[in-house]
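Please look over the model shown here together with my comments. I have kept to two places in the chain.

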Amino acid sequence: MLSGRRILVTGASSGIGRAIALRCLAAGASVLATGRRAAALAELAGAEAYACDLREPGAAEACVARAVERLGGLDGAVHAAGTVLRTQDPRSTSDDEIDEVLLTNLVVPQRVARAALGALGEGGSLVLISSQLSRIGAPGYASYCAAKGGVESLVR
């Protein structure tokens, strides 16, 4: 189904990103798996592992460039990296906590989209993972819900 496709998967160290990378590999794709934990990435048999922190300026561009170099091009990119942090009461959430959630869950997806769209070939696909909480909200997750709602607006 994905045989011959070249796909970048962010957040592949764990969770949804890891599951996506494994499914892409099982379907015959060549995968560049990125995440912050090199040891976890190394366990993805068959994937090209690239440890990086997408919160760093220029990291999204470096990941896409690495995918193009190692895979010979890019047919798809799935951005699944994100964070929830701890439950947040909007009345007592620190500026640093707000900044961390918004950077990781809104700014980074926009950087990844910008970099990937410049490299995707004809008919390429970009997927940005959001959350149902972007539409229904949840007590204690104000920054997370706002960031994921922003991702959905970015995609639209």
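The points below take up a helix and then a single serine.

1. This is a predicted model, in which local features need pLDDT of at least 70 and side-chain atom pairs count only at pLDDT 80 or more, while totals for chains, interfaces and linings use all residues. Residues are numbered from 1 along each chain as its sequence is written, and side-chain values use heavy atoms, with hydrogens and water left out.

2. Gly17, Arg18, Ile20, Ala21, Cys24 and Leu25 are the buried residues of H1 (buried is under 20% relative accessible area, exposed over 50%, partly exposed in between, with a 1.4 Å probe and protein chains only). Viewed down the axis of H1, they fall within an arc of 160°, so they line one face of the helix (the arc is taken from the directions from the helix axis to the C-beta atoms). The face turned away from this buried side carries the exposed residues Gly15, Ile16, Arg23 and Ala26.

3. Just after H1, Gly28 takes a positive phi of about 95°.

4. Ser134 lies in helix H5 (residues 133–136) and is buried, with a relative accessible area of 19%. Beyond its neighbours within four places in sequence, Ser134 is in contact (heavy atoms within 4.5 Å) with Cys145, Lys148, Gly149 and Glu152.

Methods: Helices (H or I, at least four residues) and strands (E, at least two) are DSSP runs, numbered from the N terminus.
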